[in-house]
Amino acid sequence: MATFLIAAGVGVVRAVTGEDMQALHLLGRSEVRWYLLTAVAASSCWLLLGIQAWRYVLAALGSQLNLFDGARVCFAAIVGTYLPGPWFQALAAVHVGRRIGVEPRRMVVAYLLVAVVNLLSAASVGLLAAPLVLQGHWAWLVVPVVLSCTVVWHPRGVIQATAWAARLLRREPVTQLVEPRALRLAMLCQICAWMVGGVHLWLLAVALGGPPLKTLSVAVGAYAFASAAAALILVLPDGAGAKDLLIVGALTVALPVPAAVVAAVASRACVIVAELLVGAGLLLAWRIRRGRQVGRPAVPSTVHT
């Protein structure tokens, strides 16, 4: 893993410093700042929609969480993505779930369902970039689209499939869906999240000189598909290197290689800034709300005689 990350880092430096660093100079223009700010805003909306998807999945399993508790679970899972290995996200989510009253078994099921929703929705949105990027080799992406539609129209089928697998393995079936509609909403919410998240990459590509119409479908689809594919490489923290290379490969359809590399690096920076801003904003809002609740005087009870 270390060798791959070093090689990817060297490749990024060589690509960016080529052609007299013209791609970096493009991002340094004063008029580009609005593109960057809007890209961070789009990444923030992507994150908020991801939090809502977590809440919908847990609601489908019978745990209704407010925005702040849902954000705690989501951010715990995000922190886990920055650690190499497949278990840190689930462990972090379970740890936070204990503190907010969600039993570990239900949180593990929620984590698995969120993973399924993320992968299917990302692959479905990735279909937007397929005709230009994959040329004539994209027909297989119809499969996740069909599966995503199945989750939307028949959410109980997900639990029925897992129950069938549990019986096949002679294991205890997972918990039942208390609110199937919430799982349907989680899928739709996550599809919207990938589309909004891909907009930030499109803005960066346009700022670097990409044609707006051509790069829109490529950027939105590539961001979703690269995120899903990188998530399957469990040994890399947050798909480091792999996700960026996939984004670069897709953007070269509309951008020179140095500009595509700068867009991929800037995309990761925008996402990190958005995570910090949304996390800090929600924490501040939670503290203000908690302070008001603590400082609110108790209402005396009225005794009727």
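Let me begin with the ground rules. Residues are numbered from 1 along each chain as its sequence is written. Because the model is predicted, local features need pLDDT of at least 70 and side-chain atom pairs count only at pLDDT 80 or more, while totals for chains, interfaces and linings use all residues, and side-chain values use heavy atoms, with hydrogens and water left out.

On confidence, pLDDT is the predictor's confidence in each residue, from 0 to 100. The mean for the protein is 77, and 67% of its residues reach 70 or more. Confidence is lowest in helix H1, residues 2-17, with a mean of 41, and highest in helix H3, residues 33-60, with 91. Over residues 1-21 the pLDDT is below 50, and this stretch has 22 contacts in the model beyond near neighbours in sequence, where contact means heavy atoms within 4.5 Å. At the other end, residues 301-305 also stay under 50, and for them the model has 0 contacts beyond four places in sequence.

Turning to the fold, the protein has 13 helices and 0 strands, these being DSSP runs numbered from the N terminus (H or I of at least four residues for helices, E of at least two for strands). Among contacts between residues at least 6 apart in sequence, 75% join residues at least 24 apart. Of the 305 residues, 44% are buried, meaning under 20% relative accessible area, against over 50% for exposed and in between for partly exposed, with a 1.4 Å probe and protein chains only.

Leu251, leaving out residues up to four places away in sequence, touches Leu201, Val218, Ala219, Ala260 and Ala263.

Now to H4, which is mostly covered, with 12 of its 15 residues buried, among them Phe68, Asp69, Val73 and Phe75. Its 15 residues should span 21 Å at 1.5 Å a residue, and its end C-alpha atoms are 21 Å apart, which agrees; the expected span is 1.5 Å times one less than the number of residues. At its start, a side-chain oxygen of Asn66 reaches to within 3.1 Å of the backbone nitrogen of Phe68.

For H10, the 28 residues should span 40 Å, and the end C-alpha atoms are 42 Å apart, which agrees. H10 is followed by Gly209, whose phi is positive, near 100 degrees.

Last, I would like to look at Ser267, which lies in helix H13. Is Ser267 buried or exposed? Ser267 is buried, because its relative accessible area is 2%. Its side chain and that of His200 are joined by a polar contact of 2.7 Å, that is, a pair of N or O atoms within 3.5 Å, where within protein one must be able to donate a hydrogen and the other to accept it, and residues adjacent in sequence count only if both atoms are side-chain atoms. Apart from neighbours within four places in sequence, Ser267 is in contact with His200, Leu201, Leu204 and Tyr223.
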